[in-house]
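Hi,

Here is the structure I promised to pass on to you.

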Amino acid sequence: VNLLDVAGRFRCLDHASFLDAFGPLLFPSALACSLLSPEGDYGIMNALEAVFIAVSAHPSCVSAPALAAPLSAVANFAIATVTQLTSAISQSPIDRASWPDPDFTAISLDVLASLAAAGKASMTALFEAAGLPDLLRTLSSVTDNAIVQYVFSLLGDLCQVSAQLVERCLAGIGGNIVPVLRNPQFYPQGCNNALWALGEATMILPQSPVLAEILPVALQDATTILLADETADELRVNATILFCRVALTAIQQPARYFEDVVDVLLETMADLSPGASKLDVIQCFQGLCLLVQAQPQVISAMPQVYVPLLAAALCSWPPSELPASLQEPFRQILAGYVQVCGTDWPRIKASCDEVVQQVLSTVYQL
């Protein structure tokens, strides 16, 4: 436990070499931790945090036969911790003083999320046996940002495990998403993770009737988040990614709000710093292309304002990293709006940032 405690404290340092050396020792020690009660023992909480760090840094470790039993014990311990809190909430929903320390539940959810992301299908049976959808339904109703934050973090990571499990979780959580999305000041990280998790779910459940009930309200709330002056940058980014990802599966839903948010959407996407391997950003730009192609009049209504913003967003990709799937859509969209601008194009192009002008000239010959 002391070794795990020390490892947990390495989260603020460069811990890669430490975990390379001591990682194989962490999990057998964690097996002992699973036999202890989490009540008031912050050494155990740091131990769980150390497991989270180790699994996040070395996801391949979940496949090591020697670590199967210790990791299973850690997962069961984390689930037991979560179950303790959900049982207490069910018995005394108002009397928080009778609840176990929610901090243990938060780190337990984080551990489960890291195991889900790393272990993929191997975690499905464990989560199913634990009745995870019911646990998350109860926890998502708690007015505690730390708990809600990790509920939606786990939900997003479950998208790498099982689409069916995610759908069942969403069926229980659905009604509790709205208060989180509508109160980003009270649930800052919870709201951020909820937007991200819904974006992940959209990609694996394109025909889900459960998600179809949630998304219209979520998109309306995402639009409000995008338009609010006080919205934090990270929150605006995840609202943008959700907005555009939904366009890939149900374009009519975000299309109804596109005119309202087009400037914020384009400004946010120009700062996404995309990389060719970042799938969610690629999907975001694919969704943007579909929105622009479906409603070209939105940009055409004020080309002197929106075309420079559109050009800045599309030209934000380093040309050498631009995925092949986006090259032709970008070219067609930009060339189409050059025609819309007509004789005003040289003036509109000159209003763009110098780097954008250079990309327009050298990459797109515009």
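The largest pocket is lined by 16 residues, and those nearest its centre are Pro184, Gln185, Thr231, Ala232 and Leu235. Helix 10 (188-204), helix 11 (209-227) and helix 12 (233-249) are the elements that each give two or more residues to this lining. Sorted by class, the lining has seven nonpolar, five polar and four charged residues; here Ala, Val, Leu, Ile, Met, Phe, Trp, Tyr, Cys and Pro count as nonpolar, Asp, Glu, Lys and Arg as charged, and the others, Gly among them, as polar. The volume of the largest pocket is about 320 Å³. For the pocket search, a 1 Å grid was laid over the protein atoms alone, and a pocket is an open set of points with protein on both sides within 12 Å along at least five of seven lines, while lining residues have an atom within 4 Å of a point. Grid points are joined across faces, edges and corners, and the volume is the space filled by probe spheres set on the points.

Before you go further, please note that this is a predicted model, in which local features need pLDDT of at least 70 and side-chain atom pairs count only at pLDDT 80 or more, while totals for chains, interfaces and linings use all residues. Residues are numbered from 1 along each chain as its sequence is written, and side-chain values use heavy atoms, with hydrogens and water left out.

Now the overall picture. The chain has 20 helices and zero strands, taken as DSSP runs (H or I, at least four residues, for helices; E, at least two, for strands) and numbered from the N terminus. Of its 366 residues, 53% count as buried (under 20% relative accessible area; exposed is over 50%, partly exposed in between, with a 1.4 Å probe and protein chains only). Among contacts (heavy atoms within 4.5 Å) with a separation of 6 or more, 74% join residues 24 or more positions apart.

The largest nonpolar core has 120 residues, and Leu158, Leu170, Phe285 and Leu288 touch the most other members. Its largest share, 10 residues, comes from helix 4 (residues 68-91). Such a core is a set of buried Ala, Val, Leu, Ile, Met, Phe, Trp, Tyr and Cys residues joined through side-chain atoms within 4.5 Å. Leaving aside residues up to four places away in sequence, Leu158 touches Ala116, Phe127, Leu132, Leu136, Leu165, Val166 and Cys169.

Val217 is found in helix 11, where it counts as partly exposed because its relative accessible area is 28%. Beyond residues up to four places away in sequence, Val217 touches Val178 and Arg182.

Gln295 sits in the loop between helix 15 (279-294) and helix 16 (296-300) and counts as buried because its relative accessibility is 18%. Gln365 lies in the segment after helix 20 (354-362) and counts as exposed, at 56% relative accessibility. Although not a glycine, Gln365 has a positive phi of about 50 degrees.

Lastly, Pro100 is in the loop between helix 4 and helix 5 (102-119) and is buried, with a relative accessible area of 14%. Its C-alpha atom is separated by 7.1 Å from that of Gln84, 16 residues apart along the chain.

Best wishes

How values were computed
1 Å grid on protein atoms, 1.4 Å probe; cavity = no way out; pocket = protein on both sides within 12 Å on 5 of 7 lines; lining within 4 Å.
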